[in-house]
Each structure stands twice: as structure tokens, then as C-alpha cells.
Amino acid sequence: MNVELAYQTYRKLLFSIAYRLLGTVTEAEDVVQDVFVSLHAADPDSIDNMKAFLGRSVTNRCLNILQSASRRKETYPGPWLPEPLYGDSGSGSEPGGRIELEEDIGYAYLVMLERLSPLERVVFVLREAYGYEYEEIGDMIDKSPDNCRKILSRSRRKMSDAGYTEALPDERKQAIVLQFVAALRQGNIPEAINLLADQVVIVTDGGGKVKSALRPIAGIGRVGAFIRGIAAKETFSHGVAPVSVNGETAMALTRIHLPQAVWCFELDQASGKIVKIYAVNNPDKLIRKYKNV
């Protein structure tokens, strides 16, 4: 198989793996690009299983990045949140192009993956999302199949403790988020706050580049005060719109057509109210949506 055919055949899969592992669009793109550049230097005709070869190459690069990133995140100013992956939305136009995937990758899922160590994340993603055999995973990370089974068991336990479940498309969630966006757009802050669960938490990621809370804000009282404070600065009046992020309805805040933040949401299944808000304020994680306008 020549390089061009391999690129057309496996690009989406490889980006999907890299994005799941890294949580950043730019780094995932760079990893996939580097793998295909290195493939030119190899002899593609001598590779018996191109899919396995490329998957192993992407995984190894991602593991190296994860191990380095885990140290960087220890000194990151405040919470680190994944980079949103934008898509088409039936409720709003998208000024930037979508990176096509064969499936959607939920934002809350990416947040929960941050609880895993680099090795745990690799084993969990390759086994749970892509069905790789333990022998294949072991070959990629230089571990025995039995060791991979133990790592997966530990990863599943951590994800379960974090409340992870297989999320399915939820029309109720979309409706609640659209109501929340509409209330903020209309300046009806009490209505927006009424859509929040009592135990709501907002996590903000400014990356040290814009003012953001350095710790999660928890509880309806504190989160309500936070939203009222933003509203008092007329932040919502500049531009609030629903957008598609990681296959789900989210909210974008803009000013003079430039991104200020993207908010992603989780719903409490019992009450049907918003229980988690992930506010990405770091401009480095927002600008790619607008760069091709």
C-alpha cells in the first residue's frame, strides 16, 4: 500500500486515536502528520499490516507526549481541560471547518480520561474504544498481555469511580442547553440559573492567559453568583450561541466575532438539570475554530 492510499484509508482512524489519547486537536493532527512523513522514509511495500503499523506508530508518539504532558500539567495554572472539537450543528452555523471523525467523542469522556495515567489511558482507549487485543496493546507499549489486563482493570475502576458511563445522544440534554443559551442571550439570568442542579460545578481553563477560576466552583449559590458576575460585565450580551462540540450541543461566547469561551455541559440524569459546566477560556484551545474564516 502506498503512502497516499494509506493516508486516505487510515487518517480519520489515526486522528481519532490521537485525539482520544491527547485531548488536543493540534497535537493529534501533528502526530498523524509526523507518522505519515516518517512513512515516506520507510518502505511501505515491506509493511505487512499497514493498519497495525500506523496504529502502533501513533500510539507510541502519543504515549511519549502524554508522559511529558503529565509533568507540564502539574504546573498548569488552574484546571486543564481538553481542546473542543467543533462540528456542524443544526441550531447554529459553524464559522470553522469540522475535522471529520467516524464517530463522536464526548467531551465529558475526555475530561474523565484525565484521571488516568498515560499507560492507563492508552490501554483503556485502545481496548474499550477500538477493541485491540491485549497482545496487540502489549506489543505497542512493551507490556505483557496479563499486565495490560491489570492496567485495564485499574483504568475501568478509576473511570467508574469518576461516574463514567457510555453516553448516548440525549435530546433532553440538547433541549436544556438550548434553553440555557436562550436565557443568557435574553438576559434572563434567573431562568438560566434555574436550569442548574443544586450540586452544579463549573470548571474553567484559562491557561494562565485569561482570567479564570483556579479551582472548580461548586454549588448552586457560588455558580449562580459567578454567572451573575459575568452577566454584570455584559459578557453574555456580546454574543452567545449554541455550537456543536464533540457531537453535543455546547455554548460559545464571542466578542467582535472572536472566541472568548466555549462551555460544555453534563446533565444530572435524575433531575434533568445541568450538573457540570466545562468552560474553556484558553485562547490557544479556541482559535482554530476561527482561523479559516
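In the counts by class used here, Ala, Val, Leu, Ile, Met, Phe, Trp, Tyr, Cys and Pro are taken as nonpolar, Asp, Glu, Lys and Arg as charged, and the others, Gly among them, as polar. With that convention, the lining of the largest cavity in this predicted model comprises 5 nonpolar, 1 polar and 2 charged residues.

**Cavity**

- The count of cavities of 30 Å³ or more comes to 1, and the volume of the largest cavity is about 50 Å³.
- Its lining is formed by Tyr 107, Lys 173, Val 245, Glu 248, Thr 249, Ala 250, Cys 264 and Phe 265.
- Strands β5 (248-255) and β6 each supply at least two residues of the lining of this largest cavity, and the largest share, 3 residues, comes from β5.

**Second largest pocket**

- The second largest pocket has a volume of about 520 Å³, and of the 19 residues that line this pocket, Lys 211, Ser 212, Phe 226, Ile 230 and Asn 281 are the closest to its centre.
- At least two lining residues of the second largest pocket come from each of α10 (220-232) and β6 (258-267), and β6 gives the most, with 4 residues.
- Sorted by class, the lining of the second largest pocket holds 11 nonpolar, 6 polar and 2 charged residues.

**Sheet**

- Seen across its strands, the open sheet of 7 strands runs in the order β1-β4-β5-β6-β7-β2-β3, and its pairing is mixed.
- The edge positions are taken by β1 (86-87) and β3 (217-218), each of which has a single partner strand, so one side of each is left without a neighbour in the sheet.
- Strands β2 (residues 196-205) and β7 (residues 274-280) run parallel and are joined by 6 bridges, and along this pair Thr 204 stands opposite Ala 279 in β7.
- Helix α10 packs on the sheet, where it touches β2, β3 and β6, and the direction of α10 makes about 55 degrees with that of β2.

**Helix α5 against helix α7**

- Helix α5 (residues 118-129) packs against helix α7 (residues 145-161) at an angle of about 90 degrees, and the axes of the two helices are 9 Å apart.
- Because angles of 65 to 115 degrees count as roughly perpendicular, α5 and α7 are described as roughly perpendicular to each other.
- On the α5 side the contact involves Leu 119, Glu 120, Val 123, Phe 124, Arg 127 and Glu 128, which meet Cys 148, Ile 151, Leu 152, Arg 154, Ser 155, Arg 156, Lys 158 and Met 159 in α7.
- By class, this contact of α5 with α7 has 7 nonpolar, 1 polar and 6 charged residues.

**Helix α6 against helix α7**

- Helix α6 (residues 134-141) also packs with α7, their axes coming within 8 Å and crossing at roughly 95 degrees, and α6 and α7 are therefore roughly perpendicular to each other.
- The residues making this contact are Tyr 134, Glu 135, Ile 137, Gly 138 and Ile 141 of α6, together with Pro 145, Cys 148, Arg 149 and Leu 152 of α7.
- The contact of α6 with α7 divides by class into 6 nonpolar, 1 polar and 2 charged residues.
- Cys 148 and Leu 152 of α7 are among the residues that meet α5, and Cys 148 and Leu 152 are also among those that make the contact with α6.

Note on methods:
Residues are numbered from 1 along each chain as its sequence is written. This is a predicted model: local features need pLDDT of at least 70, side-chain atom pairs count only at pLDDT 80 or more; totals for chains, interfaces and linings use all residues. Side-chain values use heavy atoms; hydrogens and water are left out. On a 1 Å grid over the protein atoms alone, a cavity is a set of points where a 1.4 Å probe fits but cannot get out, and a pocket is an open set with protein on both sides within 12 Å along at least five of seven lines; lining residues have an atom within 4 Å of a point. Grid points are joined across faces, edges and corners, and a volume is the space filled by probe spheres set on the points. Axes are lines fitted to C-alpha atoms, for helices over the stretch in contact, and angles run from 0 to 180 degrees between N-to-C directions. Angles under 35 degrees count as roughly parallel, over 145 as roughly antiparallel, 65 to 115 as roughly perpendicular and the rest as oblique. Contact means heavy atoms within 4.5 Å. Two strands pair if DSSP finds at least two bridges between them.
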